[in-house]
Amino acid sequence: MIAYGPDFTYMYRRVGAYVEQILAGVKPADLPVEEPTKFQLVINLNTAKALGLAIPPTLLALANEVVE
């Protein structure tokens, strides 16, 4: 119904920076581990309605994506 997690599209774009550094000769063990910095809030209104739950409009306004 509600999911909050990393933005995988952004993370996949960051992979290019790693590949570029590896192709430039940097050892993969020397590369830093990156944590996600961009997150998404997704709300599924169909599931909420099926469960009889009402999602507050303020929470809907904060969502990055609303599935209807």
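## Close-up views of a predicted model

View 1. The structure holds 1 aromatic pair. In this predicted model, the pair is formed by tyrosine 4 and phenylalanine 39, whose rings are stacked, with 5.7 Å from centre to centre and 20° between the planes. Because tyrosine 4 belongs to strand E1 and phenylalanine 39 to strand E2, the pair ties together parts of the chain that are 35 residues apart in sequence. Tyrosine 4 counts as exposed, since its relative accessibility is 62%, while phenylalanine 39 counts as partly exposed, at 36%.

**View 2. The salt bridge between lysine 38 and aspartate 7.** A search of the whole structure finds 2 salt bridges, and one of them joins the side chains of lysine 38 and aspartate 7, with 3.8 Å from N to O. The pair links distant parts of the chain, as lysine 38 sits in the loop between H1 and E2 and aspartate 7 in the loop between strand E1 (2-6) and H1, 31 residues apart. Are these two partners buried or exposed? Lysine 38 is partly exposed, with a relative accessibility of 43%, whereas aspartate 7 has a relative accessible area of 8% and is therefore buried, the cut-off for buried being under 20%.

**View 3. The salt bridge between glutamate 34 and arginine 14.** Here the side chains of glutamate 34 and arginine 14 meet in a salt bridge, at 2.8 Å from N to O. This pair, too, links distant parts of the chain: glutamate 34 is in the loop between H1 and E2, and arginine 14 is in helix H1, 20 residues apart. Glutamate 34 is partly exposed, with a relative accessible area of 39%, and arginine 14 is also partly exposed, with a value of 31%.

View 4. Which residues make the nonpolar surface patch of about 730 Å²? The patch is made by Phe8, Tyr10, Met11, Tyr12, Val15, Val19 and Leu23. One of these residues, phenylalanine 8, is found in helix H1, which covers residues 8-23. Phenylalanine 8 is partly exposed, because its relative accessible area is 48%.

**View 5. Confidence along the chain.** The chain averages a pLDDT of 93, and 100% of the residues score at least 70. Confidence is lowest in H1, where the mean is 91, and highest in strand E2 (residues 39-44), where it is 95. Where pLDDT is low, the predicted coordinates should not be read in detail.

Note on methods:
Residues are numbered from 1 along each chain as its sequence is written. This is a predicted model: local features need pLDDT of at least 70, side-chain atom pairs count only at pLDDT 80 or more; totals for chains, interfaces and linings use all residues. Side-chain values use heavy atoms; hydrogens and water are left out. Patches are made of residues with over 30% relative accessible area and no salt bridge: like charges are joined within 9 Å, nonpolar side chains (Val, Leu, Ile, Met, Phe, Trp, Tyr) within 5 Å. Accessible areas come from the Shrake-Rupley method with a 1.4 Å probe; for residues, only the protein chains shown count as cover. A salt bridge is a side-chain nitrogen of Lys or Arg within 4 Å of a carboxyl oxygen of Asp or Glu. Helices (H or I, at least four residues) and strands (E, at least two) are DSSP runs, numbered from the N terminus. Buried means under 20% relative accessible area, exposed over 50%, partly exposed in between (1.4 Å probe, protein chains only). pLDDT is the predictor's confidence in each residue, from 0 to 100. Rings of Phe, Tyr and Trp (its six-membered ring) pair if their centres lie within 6.5 Å; planes under 30 degrees apart count as stacked, over 60 as edge-to-face and the rest as tilted.
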